[in-house]
Amino acid sequence: MEIRFKLKEALNEIGMSQKELAEKSGLRANAISEMVNNQRTTINREHAALVAKALDITDMNELFTIEDK
């Protein structure tokens, strides 16, 4: 099983760029890119909370999914 960050889908749904999310969340653009491309093996809870707040998401199921490998 794998936990996948659905950030690319969330950004596409609202028409926000990675750069805009970086500015709005206060996270580095490189960190956002790694999250969008699921290149991180761990996600900092504070970073996930900043992303959720910037996207006005209150249900983490909108950002994460569990998939079978």
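Predicted model: local features only at pLDDT ≥ 70, side-chain atom pairs only at ≥ 80, totals over all residues.
View 1. Local features need pLDDT of at least 70, side-chain atom pairs count only at pLDDT 80 or more, and side-chain values use heavy atoms, without hydrogens and water. Helix α2 covers residues 18–25, and L21, A22 and S25 are its buried residues (under 20% relative accessible area). They line one face of the helix, because they fall within an arc of 100° seen down its axis (taken from the directions from the helix axis to the C-beta atoms). G26 follows α2 and has a positive phi, near 85°.

**View 2. Helix α2 against helix α4.** The buried residues of α2 pack against α1 (7–14), α3 (29–36) and α4 (45–54). The axes of α2 and α4 (lines fitted to C-alpha atoms over the stretch in contact) are 9 Å apart, at an angle of about 105°. The two helices are therefore roughly perpendicular (65 to 115 degrees). L21, K24 and S25 of α2 meet L50, V51 and A54 of α4 in this contact (heavy atoms within 4.5 Å).

**View 3. R4 and its partners.** R4 lies in strand β1, residues 2–5. Its side chain makes a polar contact with the side chain of E67, at 3.0 Å (a pair of N or O atoms within 3.5 Å, one able to donate a hydrogen and the other to accept it). Beyond its neighbours within four places in sequence, R4 touches E9, N38, L63, F64, T65 and E67.

Note on methods
Residues numbered from 1 in each chain as written. Helix = DSSP H or I, 4+ residues; strand = E, 2+ residues; numbered from the N terminus. Buried < 20%, exposed > 50% of the residue type's maximum accessible area, 1.4 Å probe, protein only. Axes fitted to C-alpha atoms, helices over the stretch in contact; angles between N-to-C directions. Parallel < 35°, antiparallel > 145°, perpendicular 65-115°, else oblique.
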